[in-house]
Amino acid sequence: MTLIIDPALPQWKGNLHCHTTLSDGLLPPREAAALYQAAGYDFLAITDHRRVTDPAEAETDLLLIPGIELDYRVMGRHMQAVHILGIGVDGRLMDEPQVMADPQQGIDLIRSHGGLAIFAHPAWSLSTPETIEALRGISAAEIYNHVSDAPWNAPRGDSSLILDECFADGCLLPVVAGDDAHHYNGDQCHSAVIVCAEACTREGILSALAQGHVYASQGPRITDMCLEDGVLSLSCSPCRQIVFYSNMFYGRGRVLTGADMTRAAYRVQPAETFVRVEIMDEQGLRAWSSPVRL
Ligand SMILES: [Zn+2]
Ligand SMILES: [Zn+2]
């Protein structure tokens, strides 16, 4: 049996993407952190543009992980705004002359400064699978980015289609969701990365993220998930829809609907190379598992 979400591990709710008055956000770090703390988040990374925020700047007792967002223009089939989050980086990253040269150099420098790199909002960026797959050293990708939805942007918050193409190509990145809060008029405290870790410490969260022990959520929880004898099964908070996505097109039993479903199972088909689960509750809020390699 392969345990994908271990029911014995505590789950911690965090947001790894938001902006403050230290770049183009509308609240200072202290007020942004206070909102997330009041909303029940366990940890937060402030990811201002091209600037590492030191946890001390937010004067909070919420676990704050240092963060930054780096931005690049990449010319592929078309212009793409590739943004990379650096989570857990030290402030000396900003002194590196090559950090804004191109995304691969940015990722390499994030890692050499103790951080993890997350590919932000692929759909908003019009990023292609080719661009994502060519990068080395990415630890996760945002399958959902809240501010990329309306009313703040022409809605491209959901990046699951682009990531499914990556997964079908064998590039199986763990997934997170982030608010990317700027305005604090409803773009905050909505989306989360759920991290399964022994302890909610900086080291515990970063280590679990590096190992892919994460999923993305707007509220619903996946409490248990395992693969055994060709069957992927899960337990979750009450949902009205559970969908199993893979690299294949047709197939039975991929979409389950009903009231207050808390368990589901899916028999993997021989041609499937990955499977992932998306669940939706009564309010239409979703959670996305990371892809499972078959
Ligand atoms: Zn961005
Ligand atoms: Zn951002």
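Trainee: Where is the place of P151?

Mentor: In this predicted model, P151 sits in the loop between β7 (138–145) and α4 (160–168).

Trainee: Which residues coordinate the zinc ion (ligand 2)?

Mentor: H17 (NE2), H19 (NE2), E69 (OE) and D180 (OD) do, at 2.0 to 2.2 Å. The cut-off for a donor to zinc is 2.8 Å, and 2.0 to 2.2 Å is within 2.8 Å, so these atoms count as donors. Along the chain the donor residues follow the spacing H-x1-H-x49-E-x110-D.

Trainee: What makes the arrangement around the zinc ion (ligand 2) irregular?

Mentor: The angles do. The four donor atoms subtend 81 to 172°.

Trainee: Which residue bridges the zinc ion (ligand 2) and the zinc ion (ligand 1)?

Mentor: E69 does, and the two ions lie 3.5 Å apart.

Trainee: Why is D180 called buried?

Mentor: Its relative accessible area is 4%. Buried means under 20%, so D180 qualifies. H17 and H19 are buried as well. D180 is located in the loop between β8 (175–178) and β9 (192–196). D180 also has a positive phi of about 55°, although it is not a glycine.

Trainee: How do you know that Y184 counts as buried?

Mentor: By the cut-off of under 20%. Y184 has 12% relative accessibility, so it counts as buried. Y184 lies in the loop between β8 and β9, and its phi is positive, near 60°, in a residue other than glycine.

Trainee: How many residues has the largest nonpolar core, and which have the most contacts inside it?

Mentor: This core has 37 residues, and L234, I242, F244 and I279 have the most contacts inside it. Elements giving two or more residues to this core include α1 (29–38), β3 (43–46) and β12 (231–246). The largest share, six residues, comes from β12. Domain 1 (9–217) and domain 2 (222–293) each supply at least three residues to this core.

Trainee: Which residues does F244 touch?

Mentor: Leaving out residues up to four places away in sequence, F244 touches several, among them L232, L234, L256, Y266 and V277. Another core, of 33 residues, lies apart from the largest one; I132, L135, I162 and F274 are among its residues.

Conventions
Residues are numbered from 1 along each chain as its sequence is written. Chains are lettered from A and ligands numbered from 1 in the order in which they are written. This is a predicted model: local features need pLDDT of at least 70, side-chain atom pairs count only at pLDDT 80 or more; totals for chains, interfaces and linings use all residues. Side-chain values use heavy atoms; hydrogens and water are left out. Helices (H or I, at least four residues) and strands (E, at least two) are DSSP runs, numbered from the N terminus. Buried means under 20% relative accessible area, exposed over 50%, partly exposed in between (1.4 Å probe, protein chains only). A nonpolar core is a set of buried Ala, Val, Leu, Ile, Met, Phe, Trp, Tyr and Cys residues joined through side-chain atoms within 4.5 Å. Domain bounds come from an automatic or database domain assignment. Contact means heavy atoms within 4.5 Å. Donors are N, O and S atoms within 2.8 Å of the metal (3.2 Å for Na, K and Ca); water is not among the atoms, so sites may look incomplete. Four donors count as tetrahedral if all angles lie between 85 and 135 degrees; four count as square planar and six as octahedral if opposite donors are over 155 degrees apart and all others between 65 and 115; anything else is irregular.
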